[in-house]
Amino acid sequence: MNTDKKSNDDEIYSVEPPTDDDPYAKELSIKPTTSSVDAELPKTSDAPRPKTFHSKHALPDDSDEIPAPQRKRKLSHAETSGVAISAVMMIYSLTEADKPLFFVSASLLTFLLRPLIGGLFGKHSRAVQNALHSFSVVLFIGALLMMFL
């Protein structure tokens, strides 16, 4: 360690009060910063705020629960015909002991009646309909496997 020059930390790191006659600051037009209590804060605009986008599916802030869907949808003519045909197929498969046809007709019947069955479960309607949809797809795939194996 070199001790030829003794330095004092106060001399190296000294805090001097700001002066306006600093030649470097004058050349750059820099004013020393000082904190003042009387400094004005920027004013907020009195102009009306822009409209905020709100999703039509957003929940109100004061309500945490999700309202139950209020859909009363009737089956279309094609869906009614599909339910009737699948019911006839199911009865025929029971009389003829045709297992793959029974599972295909049960799958079709489950798929077509899922909106009506899901409506019976109130706020859990969507979950029940999703489960019935998955069940009908798996049942259909199983019936196809039974038919060809």
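Select L139 to begin. Leaving aside neighbours within four places in sequence, L139 is in contact with F103, A106 and S107; contact means heavy atoms within 4.5 Å. The model is a predicted one, in which local features need pLDDT of at least 70, side-chain atom pairs count only at pLDDT 80 or more, and totals for chains, interfaces and linings use all residues. Residues are numbered from 1 along each chain as its sequence is written, and side-chain values use heavy atoms, with hydrogens and water left out.

Helices here are DSSP runs (H or I, at least four residues), numbered from the N terminus.

Now show α3 (residues 77-96) and α4 (residues 99-119). The two pack at an angle of about 155°, with their axes 8 Å apart. Axes are lines fitted to C-alpha atoms over the stretch in contact, and angles run from 0 to 180 degrees between N-to-C directions. The pair is therefore roughly antiparallel, the term for angles over 145 degrees.

Colour the residues where the helices meet. On the α3 side they include E79, G82 and Y92, and on the α4 side L101, F102 and L113. The residues of this contact divide into 13 nonpolar, four polar and one charged. Ala, Val, Leu, Ile, Met, Phe, Trp, Tyr, Cys and Pro count as nonpolar, Asp, Glu, Lys and Arg as charged, and the others, Gly among them, as polar.

Within α3, pick S86. S86 is buried, with a relative accessible area of 0%; buried means under 20%, exposed over 50% and partly exposed in between, with a 1.4 Å probe and protein chains only. Not counting residues up to four places away in sequence, S86 touches S105, L108 and L109.

Move to A97, in the loop between α3 and α4. A97 is exposed, at 63% relative accessible area. Its phi is near 55°, a positive value in a residue other than glycine.

Finish at K74, in the loop between α2 (23-28) and α3. K74 is exposed, with a relative accessible area of 73%. Select L116 as well: K74 and L116 are 42 residues apart in sequence and 8.7 Å apart in space, C-alpha to C-alpha.

Definitions and conventions:
Angles under 35 degrees count as roughly parallel, over 145 as roughly antiparallel, 65 to 115 as roughly perpendicular and the rest as oblique.
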